[in-house]
Amino acid sequence: MLNTTVVAVIIALYMAALFSIAHFGDKRAELGHSIISNPYVYSLSIAVYCTAWTFFGSVGYAAKNGLGFLPIYLGPTLMAALWWFVLRKIIRISRKQRITSIADFIGSRYGKSALVTGLVTIIAVIGILPYISLQLKAISSSFEIVKHYPLLVMPSASVSGEFWHDTAFYIALLLAAFTILFGTRHIDVTERHEGMVAAIAFESIVKLVAFVAVGLYVTFALFNGPTDIFSQISADPDKAKLLTMDALPGGYANWFALTLISMSAILFLPRQFQVTVVENVDDEHLRKASWLFPLYLLLINLFVLPLALGGLLLFDGAGVDPDTFVLTIPMAQDAQLLTLLVLIGGVSAATGMVIVATIALSTMVSNELLMPALLRRRLAQQPDGLLLESDLTRWVLRNRRLSILIILMLAYLYFRLIGESYALVSIGLVSFVAAAQFAPAIIVGMYWKGANRAGALAGLGAGFLIWTYTLLLPAFAKSGWLPIEFVNDGLFGIALLKPYALFGLTDLDHITHAVFWSLPVNLFLLITVSLRSESNAIEQLQANEFVDAFKDATADKKRVDVWQGSVTVSALIALVARFTGEKVATEKFNLFAKKHNFTFDDKTIAQSHTHLVSYGERLIAGIIGAASARVMISTLYKAQTLNIEDVMDIIDETSQVVEYSHKLEEKTHRHEVAAEKLRAANLQLQELDRLKDEFVSTVSHELRTPLTSIRSFSEILLSEPDLPAEQRREFTEIIVNETHRLSRLINDVLDLAKIDADSIQWDIQDTDLVALLREASTAVSQLYNERKIKLSLKLPSKQVIAKIDRDRIIQVTINLLSNAAKFCEQGTGEVTIELTTKKQSLVVSISDNGCGIEPEFQGVLFNKFQQVDHAQDGRPKGTGLGLAISKGIVEHHKGKIWLESTPNKGSKFYFSLPKW
Amino acid sequence: MKTNQSLTFLLPFATATVMLLLNYPWLSIYSSSTLFFGIPPLYLYLFVLWLSFIITIWLLVDQQTNVVDDSDA
């Protein structure tokens, strides 16, 4: 009953079911009720990693190489553990930059370079073609086998006949039609395909169920559990080594290399990037996906070894290709329903991969290769023509559909040329090594700002060349399309250039060999060339955006709008609308305006609103990719098209302005400080001026008083010659005294002026202070005797040497002693001179038991012309300069002068001199 | 685990450890065709290690949602 018609109908029904799921998913998404916005669907969609390679190929590989298939799934598990750190950052960046594909991602990182994007696209397409052709091969051989049901007929090893008799060709066409229906029904700004993701998740369930079902059937229905299979195998010494590491073709190096490339494959295969990054709804889903997806891998691999070994035992030497065990075992047992389930499972594994991979690749080809080229050509032909076209959406879709068809036809071509001569896994691994070439540029670029365009181009280019030389070209040679001598003897017969043993590296299998050559060279060139070359402004800008993706809050403010010139908001909206449709564009811009608090009309200039043009650019980039979006935006600027130099200028200018204003700020600050100082100095000057005026008026007043009395008494003496001799003598005495006072005053004023002007000739010498104080007390003894005041000296018995101007210090002491005498009561007064030696200074104190000084006078006593003007009764009057002069002299010796006094109890004057 | 800090940052270390455990010479210890309770030791080792690692990921990523996450830096 299981014939071609039944199979065809069932497959058609399955495809219809898939399509309705996709349709349902799209409908729900339009209504805003996403069915894929949960971590479970997300995890299942990532399981698109498991393709026909896993479904059929793993068993085939295990039948030959034991557990050698496992690194392909252990690597992704290791990587999944790091998703929370690495993948979350990639998703964050992609969301912000509106990344549409892996080529767009790498290109954007390296300065939105069209060259990098183009190179990545070419590597991706050429690298993934073998992988897609693998799926074609798997589906077509499954059909071939089931077609002969219940007979077990292996499909012929080489394809003969015209291609229109070939099942694979029609499968390729069918898949192209299917992918076009799935992936290009409409164009979304985020390049997301909700319906497709829902369908892929469904396919992941189907293939898991089918595979586990056949695994359980073989293990428990055909054998008595896994122990039965394992014990039968270990009994056969030939097959027993399949249970150990000895079965691996390249040993531990191969195991490690496969782990490494599958770690990068899970992130950087274009279709994985599509489902994990582009189709991601919420990066919180990673929390569950990072263990759910590895769990899925574990489940689907659990029965691979039992299946493979079971198949070996069942078909012992019967000429059945191990790659078909999954299908042929149930067929051989006549289990029709299970055979059908396996066929559907295999088809779902293959179609899932083909659909996602082709959509991802076609997005790249149309956005990064076709669009920029076409846009540039049309721009050159008719500079304004582009904007006249009303709706570019259809044009984009046409490009996309064309790309899908081209890619699938190329995959079919590869299948026809090469595919038949290889096992499934070997074909897939070739693609893995190609995808691994993206890892250095992405990972290094995400964490090191120094990585630049030149480095990325060098690394990717070299990695791709090595891949081509060591894997792709030999494959063509082996299939007879290139001379086989180049593989066996090396290029031009040079043994060192053998593609499978480059520079004498002979001990490895082909895949491991290619990995160990391409990845280190790629990484080395990326880093060294980056270090040796300059990054331009856009590269630096993008490097910051990528590396600092998690610091967006602050980084956002510093972003520079690279578009210069004037474009109206309405023109910008019109341009965006050609890609997104009028409604979406207007909505998006209104939202932006609302968020940034501004309104716009038809004539508003876009540049005055920060990031508005870049926002528009990103909207377009969401549909046609970053490189093309730049070309589109540049059409708005016509003659003002941006080139790198312009950006450099803008950034230079900005940094110059920043620097200039910084300098200005600094200068202003310095001026402020200076002004403050000036103000203080001015105040001081004003005070000094006031003091000078005061001084002059006081001095003239003090001079006039004795002069007046001298003049008046002289006039009396002159006008009255017959004055009694007694009176004449009295008057003359007054005149003499006043003259003395006058000359003393003038001397003091001169002294003070000299001290103030610091023009005294100081005669500093080692002097015995004790002797000095004795001399001073002798000098005033006359005065003290007259007033009957007791003067006592408390001086050390030894010499106390100080470096001082002897005469001046005597002057100070005499001044203080005579002051003390003045304020003591005649008869009862007692004055004491004391010299004490302190740690760092010598202190002379002169104490009296006089009337004391009121507290309010104590502060100003050392000012000029200050006199305690109460109760002067009969005491000799001073000039009021004595203490000021003393202060000047002591301070010149770096000493201090001060007093302690209590009214009516006496005063104590101190002056200190530093010890030398 | 009485800490309020997210333990997610431990994951890279766990990954490095498992990466070592999945290589020579660890694998060579189990590379034997003598069955262990009817199961090949290498098969058993790989799948048990795999499952434990999945549980570790679950503990360190999915079970850390209610604590402060500072893994952004």
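Helices (H or I, at least four residues) and strands (E, at least two) are DSSP runs, numbered from the N terminus. This is a predicted model, in which local features need pLDDT of at least 70 and side-chain atom pairs count only at pLDDT 80 or more, whereas totals for chains, interfaces and linings use all residues. Residues are numbered from 1 along each chain as its sequence is written, with chains lettered from A and ligands numbered from 1 in the order in which they are written.

Chain A contains 36 helices and seven strands, and 46% of its 916 residues count as buried, that is, 20 or more other C-beta atoms, placed from the backbone, lie within 10 Å of the residue's own.

Helix 33 of chain A bends by about 45° at A:Val780, the bend being the angle between axes fitted to the seven residues ending there and the seven starting there. Just after helix 33 of chain A, A:Lys788 takes a positive phi of about 55°. The buried residues of this helix are A:Leu769, A:Leu772, A:Leu773, A:Ala776, A:Ser777 and A:Val780, and what covers them includes helix 34 (806–823) of chain A as well as the strands tabulated here.

| Strand of chain A | Residues |
|---|---|
| Strand 1 | 764–768 |
| Strand 2 | 790–794 |
| Strand 3 | 801–805 |
| Strand 4 | 830–837 |
| Strand 5 | 841–848 |

Between the chains, 33 residues of chain B are in contact with 33 residues of chain A, contact requiring C-beta atoms, placed from the backbone, within 7 Å. The largest share of the side of chain B that touches chain A, ten residues, comes from helix 3 of chain B.

Terms used:
A residue is buried if 20 or more other C-beta atoms lie within 10 Å of its own, exposed if 12 or fewer, and partly exposed in between; C-beta atoms are placed from the backbone. Two residues are in contact if their C-beta atoms, placed from the backbone, lie within 7 Å.
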